[in-house]
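Let us check some structural labels, one at a time.

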Amino acid sequence: QVRLVESGGGLVQAGGSLRLSCAASGTIFSIDAMGWYRQAPGKQRELVATLIASDNTNYADSVKGRFTISRDNAKNTVYLQMNSLKPEDTAVYYCNANGVRSRPWSPRSGDYWGQGTQVTVSS
């Protein structure tokens, strides 16, 4: 019922910036938490940044001070502004949404994931 579509990935040189977007579509009244995860080749998926209740942010230590997560609640869209990119940031970035309500007071549904968008940072 809920679909997440990421965009904004691409190839960038070290020190550059990218802005990722993730739009949630479907019958959505509210989303409790949205976040970004990434998975590099040969590595496990890891948390990059998350926004809980649209205001509480959490960042992986490796991206603190460089990445910023934000939401546009009216558009059910979450963004990840990535600055000062490093080659080690190269990964597939996945959008996540948790605690989705289709209408007021409806039960919350579980995790939803996007298909991922590739971010490649060249040295």
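A disulfide is called when two cysteine sulfur atoms lie within 2.5 Å. The model examined here is predicted.

Q: What makes Cys22 and Cys95 a disulfide?
A: Their sulfur atoms are 2.0 Å apart. The cut-off is 2.5 Å. The pair therefore counts as a disulfide.

Q: How many disulfides does a search of the whole structure find?
A: The search finds 1.

Q: Which parts of the chain does the pair link?
A: Cys22 sits in strand β3 and Cys95 in strand β9. The two cysteines are 73 residues apart, so the link joins distant parts of the chain.

Q: Which hand does the link of Cys22 and Cys95 have?
A: The angle about the S-S bond is -85°, and the link is left-handed.

Q: Why is Cys22 called buried?
A: Its relative accessible area is 0%. Buried means under 20%. Cys22 therefore qualifies.

Q: What about Cys95: buried or exposed?
A: Cys95 also has a relative accessible area of 0%, so it is buried.

Q: Why is the pair of Tyr37 and Trp113 called edge-to-face?
A: Start with distance: the ring centres are 5.0 Å apart, and rings pair within 6.5 Å. Then take the angle: the planes stand at 65°, and over 60 degrees counts as edge-to-face. The pair is therefore edge-to-face. By this rule the count comes to 1 aromatic pair.

Q: Which parts does the pair of Tyr37 and Trp113 tie together?
A: Tyr37 lies in strand β4 and Trp113 in strand β10 (residues 112-113). These parts are 76 residues apart in sequence.

Q: Why do Tyr37 and Trp113 count as partly exposed?
A: Tyr37 has 22% relative accessibility, and Trp113 has 36%.

Q: What makes Arg45 lie over the face of Trp113?
A: Arg45 is 4.8 Å from the ring centre. The distance limit is 6 Å, and there is an angle limit of 35 degrees from the ring normal. Arg45 is listed over the face of Trp113. Arg19 lies over the face of Tyr79, at 4.3 Å from the ring centre.

Q: Which residues have the most contacts inside the largest nonpolar core?
A: They are Trp36, Leu80, Met82 and Tyr93, in a core of 31 residues. Elements giving two or more residues to this core include β3 (18-25), β4 (30-39) and β8 (77-82). β9 gives the most, with 5 residues.

Methods:
Residues numbered from 1 in each chain as written. Predicted model: local features only at pLDDT ≥ 70, side-chain atom pairs only at ≥ 80, totals over all residues. Heavy atoms only, no water. Core = buried A, V, L, I, M, F, W, Y, C linked by side-chain atoms within 4.5 Å. Buried < 20%, exposed > 50% of the residue type's maximum accessible area, 1.4 Å probe, protein only. Helix = DSSP H or I, 4+ residues; strand = E, 2+ residues; numbered from the N terminus. Phe/Tyr/Trp six-rings, centres within 6.5 Å; stacked < 30°, edge-to-face > 60°.
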